[in-house]
Amino acid sequence: MSDHDIAIVGGGAVGLHLACLLAQRGADVVVLERRTEPSRASRAIGIHPPGLAALDAAGIGAAVRDEATEIRSGVALSRGRLLARVRFGGRPILALPQHRTEALLRERLHALAPGALRTGVELAGLDDDGERVALATRGDGAVLARWAVGADGIRSTTRQLLGIRMLPRRGVGGYAMADAPDATRAGATAMLHLEPGGIVESFPMPGGQRRWVARLDAPEPAMTTAQLQRILEQRVPDPPRLPADATTSAFLARQRLAERFVRGRVVLVGDAAHEVSPIGGQGMSLGWLDGLALDAALALAGTAHTEAVLAAYERARRRAAERAMRRAAWNMAMGAPAGRAELEARLALVRALAVPPGSAAVRAAFTMRGL
């Protein structure tokens, strides 16, 4: 049985980030990751200003800036007409595929604590005796730690073993997405096409690529590239030409909040604690902010009243998650399929929000201020 200060279950973006923060201040940390190889699936790309600050704190901000593409503004359009433009000024959103961000975090953790990341290790049981947490695993024997952290995603085994329920929140919708060479000449601008059939969003990415995301009438179990191509042709004046070998994915965006983030000496972070719709792209950065807050809380836990410190962590991060969910639910509602009258009302609202004071609120929401 190996003994550590903190055991983190989950070696994705949030678990790796927290491990780097802990290792930087000398904590003995171990990360247990079920996968044997890193995922290269098409996932999150957005890194918002607070998320970038969190990556700076973990020591990889400069490397992320070197690889990422800046998104300096966003435009809303309908039937090819410009409705509104919001500029992010000196706080751009960065776009970098999640697998590259995770690779940079793995490299950083290896430099700080070689061997801290253990792959092919699956959590099988938890036993918290009030002083230590014993983690039974498949693949690496047992692990003992003063604290355990569940950073193992939406289907968190840690959360399930603790018996913590996920409570539904407003905001559900079906989407499909694919990446394609960027032929829009939009540069560093995100484009939101508000159309009767549903919104189509596109974002610049590194390597001259652009991600396209389309709202669906109903959730689809699967979608081919040809099907998504037809949707884009119906809604976008100058649709992209998706490569025949493009990876097209359909998904159901929903929102859920864990009824508790802390139980004894086990803490939930990231998607294990809050499933936030990817529409708006704030989930990954929100998880890194969880990590910053938890690192600070664990640093205090030995010198202050532990229960009070962790209760304050839980209250603050729950409030942040609820704010993020409200913003994401609003984004999803604005992009849902709509009849003519409803769509015209939405377009009028978008025009109104493009000028002060509404523009300041929109800019704050899209750059994750207050979270």
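## A salt bridge between Arg-132 and Asp-3

Arg-132 counts as partly exposed, at 29% relative accessibility. The model described here is predicted. In it, the side chain of Arg-132 meets that of Asp-3 in a salt bridge, at 3.6 Å from N to O. This pair links distant parts of the chain, 129 residues apart: Arg-132 is in the loop between strand 9 (122–128) and strand 10 (133–138), while Asp-3 is in strand 1. Asp-3 is partly exposed too, with a relative accessible area of 41%.

## Other salt bridges

How many salt bridges does the count come to? The count comes to 19. Among them is the one between the side chains of Glu-122 and Arg-138, at 3.8 Å from N to O. Glu-122 lies in strand 9 and Arg-138 in strand 10, so this pair ties together parts that are 16 residues apart in sequence. Glu-122 counts as partly exposed at 32% relative accessibility, and Arg-138 counts as partly exposed at 48%.

Asp-179 forms a salt bridge with Arg-211, and the closest N and O atoms are 2.8 Å apart. Here again the pair links distant parts of the chain, with Asp-179 in strand 12 and Arg-211 in strand 15 (residues 209–215), 32 residues apart. Are these two residues buried or exposed? Both Asp-179 and Arg-211 are buried; buried means under 20% relative accessible area. There is also a network of salt bridges that links Arg-254, Arg-256 and Glu-275.

## Strand 1 and its partners

Strand 1 (residues 2–9) runs parallel to strand 11 (residues 142–150), and seven bridges join the two.

Which residue of strand 2 does Val-9 stand opposite? Val-9 stands opposite Leu-32. Together with helix 1 (residues 13–24), strand 1 and strand 2 make a right-handed β-α-β unit.

## Helix 9

Helix 9 has 14 residues. From its first C-alpha to its last, helix 9 reaches 20 Å, close to the 20 Å expected at 1.5 Å a residue.

The buried residues of helix 9 are Leu-343, Arg-346, Leu-347 and Val-350. Why do they lie on the same side of helix 9? They cover an arc of only 100 degrees around the axis, and therefore they are on the same side of the helix. Strand 5, strand 6 and helix 8 (306–334) are included in what covers these buried residues.

## Backbone details in loops

Arg-79 is in the loop between strand 5 (73–78) and strand 6 (81–87), and is partly exposed, with a relative accessible area of 43%. Arg-185 lies in the loop between strand 12 (166–181) and strand 13 (189–193). With a relative accessible area of 84%, Arg-185 is exposed.

Where is the cis peptide bond with omega near 0 degrees? This bond runs from Pro-356 to Pro-357. Pro-357 is found in the loop between helix 9 (340–353) and helix 10 (358–366).

How values were computed
Residues are numbered from 1 along each chain as its sequence is written. This is a predicted model: local features need pLDDT of at least 70, side-chain atom pairs count only at pLDDT 80 or more; totals for chains, interfaces and linings use all residues. Side-chain values use heavy atoms; hydrogens and water are left out. Helices (H or I, at least four residues) and strands (E, at least two) are DSSP runs, numbered from the N terminus. Buried means under 20% relative accessible area, exposed over 50%, partly exposed in between (1.4 Å probe, protein chains only). The expected span of a helix is 1.5 Å times one less than its number of residues. The arc is that of the directions from the helix axis to the C-beta atoms. Contact means heavy atoms within 4.5 Å. Two strands pair if DSSP finds at least two bridges between them. A crossover is right-handed if, with the strands pointing away from the viewer, the path from the first strand over the helix to the second runs clockwise. A salt bridge is a side-chain nitrogen of Lys or Arg within 4 Å of a carboxyl oxygen of Asp or Glu.
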